[in-house]
Amino acid sequence: MNYPVWNVDILGGGLIVAIIAIVHMLVSHVAVGGGALLAVAEVWSDGQPDGARIRTWLRRFATWFLVFTTVFGAITGVGIWFAIQLASPEATSLLIHQFVFAWAAEWVMFLGELTVLYLYFYGWDVNSRAMQRFLAVAYFVIAWLSLFIINGILSFMMTPGGWTLENRDIFRAFFNPGFFPLLLLRTVVMFLLAGLFGMLVATRVAADDDLKEKLIRFCAKWVIPAAVAAPLLAFWYWTTLPGSAVALALGGVTGVAGGRLEVVTRYGLLAGLAGALILVGTFAMALRPRAANTAPALALLLVAQLAIMGGEFFREMARKPYVIHGVLYSNQLWKEPGKAPARLDAPYLDAARWAPRLPAQSPARGEWIYRLQCASCHTIDGYRGLMKRTVAWTPAFGVRWLSTMDTLKVMPPFEGTAQDREALAAWVISLHGRTGVKP
Amino acid sequence: MSRFLLSRFPVGPLIDFMAKKKVPEHRCSGWYTLGGIALVFLAIQIFTGILLMVYYRPSQPWASVQRIVVEVPFGAFIRSIHHWSANLMALGLFVHMFSTFFMKAYRPTREFTWLTGLCLLGLVLLFSFSGYLLPWDELSFFATRVGITELEKAPLVGTWTATLLRGGPDVTIDTIGRFYVLHVVVLPLTVLGLVVVHLTLVQLHGMSEPDSFAALPPERKRYRPFFTDFLLAEIPIWMLVTGVVLALAAAVPRGLAPEADPTAAAPAGIKPEWYFLAPYQTLKLFPGRLELLGMGLMAAAVLSAAVVPFIDRVVPTDRRGRMVALIGAAGIAGLAAMTAWGGLS
């Protein structure tokens, strides 16, 4: 409530962040895993009789890789910053202030990554073989360190562990309970994605079948073990999840949106099953690499994008109702009332810096409360739309729902007075063309 | 080991037969994947359909579906997959039909491949129509009632067919029994049988070659063997299709409206599913006694699709063939326009 509201009709701000982040996940993990593939392929090609031809593919790979990661990676990465600071300013501020040193180190890594990649790519005809190998390895190490750092910050959001608002212990925040399982999971997934990306490039080097077979089998060796290891590491990560998230995924919630809310479970299933689909598809490619062309290779990369979508949504939904687990709710309100500018029972809009001063009985009060307290997750008539969820609302039911919604464990408690609840309920009911008569 | 198996299961000739079929490689080869994709949807439908049958009770249709959605582990997910896969199958078959049409793969001697394909599309639409009623919620109930009432207006056979489908003068629980048997016994057996015929014909005739490809000198024609090259390269695409179904089921689960109340007034805005919107909207253009004319027009459209291979027979395409393609293009435009209109109005 300390920030202006970013109002996105139909989609909602959160979904915008999700869409950008899902694409960025794919690109950024290809960027790190592809570095490993470059380095290993550099060494591998030296020992092969047709090393020169393998390096032709490698050069093509590096071209695509450079464009894909530095253009899409940079656009979506900056896009995330734009979107999260608008959708979740309070959480963004907390992450920036808590991890100042980590962010600084992260940007050094990005700079290093880009520099080394350009040196590698543009030095192709000039550098010695030893230098190229060194640059490829250096690129991978730096890129992986950037993943190491961002992983500390992102895993913190789900499992802050021993960190509290009082101790502000960066070490415990960074090496939180989810850190190592997620780090390994991400490392394995980036190998998988690099293999899929390598296969895609290999199908474009269609000139001769022997080389294609060799390259696709080389890339499949990156995908298959990773696809087998990923579910095991995901299970390890699962064991570190907060109890509330596990309960949500296993049990669902009765009473929301006219049925069981097992969106967490569904997205978890999507991630796991899509991983199995990748495994089957890669086997088919490796069985007969000569037959592989661009369409199947691209198809598998798209399946990976769907798996990432499942994984990302799973993580976001499992963290409900928090954006930083146990600390900050998804709607930018603090769990500890002491941190909150408006106490749970104080008139809500009085403390909202950007809301206009409205008379107590004004219907616009309800709308402003919606914007500040609900719109982080809900839209009026689009994604997680209010209209669909409040068809049966009466003023009395609405007020009661608002008072008890936090007991469902997927929504935060309402902040404000009884009048605030009434104003919000009346506004919601007015959306349906009915009048919100005072209960 | 393989020698042991091969002597017990002498499938060699079968594999040779499949390997003999060659898939032409050209600009439009991508369309050849659509038949396989339809089969993937069929497999998903059979798998999820069997799972849904475990808990579905035709005597308590709505309550048992509610139980599937609310209580049965993964029930809601399986049901959503069944729903999305059904919709995508219908969409995929329409695209398959039109791509076959514009590549002129129906010309002699493949007339019966085309006709069995058309029948399969019709059966799949009947599959969708019968399955749509089974949850017995107010949407499915009233949409089905409207659909059968339209059918009833057809001359000669209308009343008889409508009564046969409903099991009486109105849609009741008896209709559920009929639609259920249709959906899980009659149609699956018919469709599977016809799929076997369709696929055997495709294998026997080999792939049809579009005119532009057929005109190439032999040394410039490129093919890939159907088995195993084409088949294996299709598998990743099948995985993507399956992934899309899973993603849709995760992101947009199928809801369940309140239980149907046959005595209540139909809720506002009842409309058929998208694949029936075009005929629905067309009939609206012919009010009252003109309705027969509208039905006649639609019957003529279906009939003309069936007789196309007997009209357009000449390779390479002559003037008549080009005319047929133009009429087909008008047909696809009309179908899309009427569907969009029906959806928006």
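In this predicted model, 34% of the 345 residues in chain B are buried. Chain B holds 14 helices and two strands. Among its contacts with a separation of 6 or more, 79% are between residues 24 or more positions apart. The C-alpha atoms of chain B occupy a box of roughly 70 × 55 × 35 Å along the principal axes.

Helix packing comes next. Two packed helices are described by the angle between their axes and the distance between the axes. In chain B, helix H12 (residues 277-284) packs on helix H13 (residues 291-311) with the axes 8 Å apart and an angle of about 145 degrees. The crossing of H12(B) and H13(B) is right-handed. On the side of H12(B), B:Pro279, B:Thr282 and B:Leu283 make the contact, and H13(B) contributes B:Glu291, B:Gly294 and B:Met298. By class, three residues in this contact are nonpolar, two are polar and one is charged.

From H2(A), the residues A:Trp57, A:Arg60, A:Phe61 and A:Trp64 meet A:Gly198, A:Val201, A:Ala202 and A:Arg204 of H7(A). This contact has five nonpolar, one polar and two charged residues.

The backbone of chain B also has some local features to examine. Most residues other than glycine have a negative phi, and most peptide bonds are trans. B:Phe74, which is not a glycine, has a positive phi of about 60 degrees. B:Phe74 lies in the loop between helix H4 (61-70) and H5 of chain B. With 14 other C-beta atoms within 10 Å, B:Phe74 is partly exposed. B:Lys104 also has a positive phi, near 55 degrees, and is placed in the loop between H5 and H6 of chain B. B:Lys104 counts as buried because it has 23 C-beta neighbours inside 10 Å, where the cut-off for a buried residue is 20 or more.

The loop between helix H5 (75-102) and helix H6 (111-133) of chain B also contains B:Thr109. The peptide bond from B:Pro108 to B:Thr109 is cis, with omega near 15 degrees. Another cis peptide bond joins B:Phe227 and B:Thr228, with omega about 5 degrees. B:Thr228 is in helix H11 (residues 226-251) of chain B.

Technical notes: Residues are numbered from 1 along each chain as its sequence is written. Chains are lettered from A and ligands numbered from 1 in the order in which they are written. This is a predicted model: local features need pLDDT of at least 70, side-chain atom pairs count only at pLDDT 80 or more; totals for chains, interfaces and linings use all residues. Helices (H or I, at least four residues) and strands (E, at least two) are DSSP runs, numbered from the N terminus. A residue is buried if 20 or more other C-beta atoms lie within 10 Å of its own, exposed if 12 or fewer, and partly exposed in between; C-beta atoms are placed from the backbone. Two residues are in contact if their C-beta atoms, placed from the backbone, lie within 7 Å. Ala, Val, Leu, Ile, Met, Phe, Trp, Tyr, Cys and Pro count as nonpolar, Asp, Glu, Lys and Arg as charged, and the others, Gly among them, as polar. Axes are lines fitted to C-alpha atoms, for helices over the stretch in contact, and angles run from 0 to 180 degrees between N-to-C directions. A crossing is left-handed if the near helix is turned anticlockwise from the far one by less than a right angle, and right-handed if clockwise.
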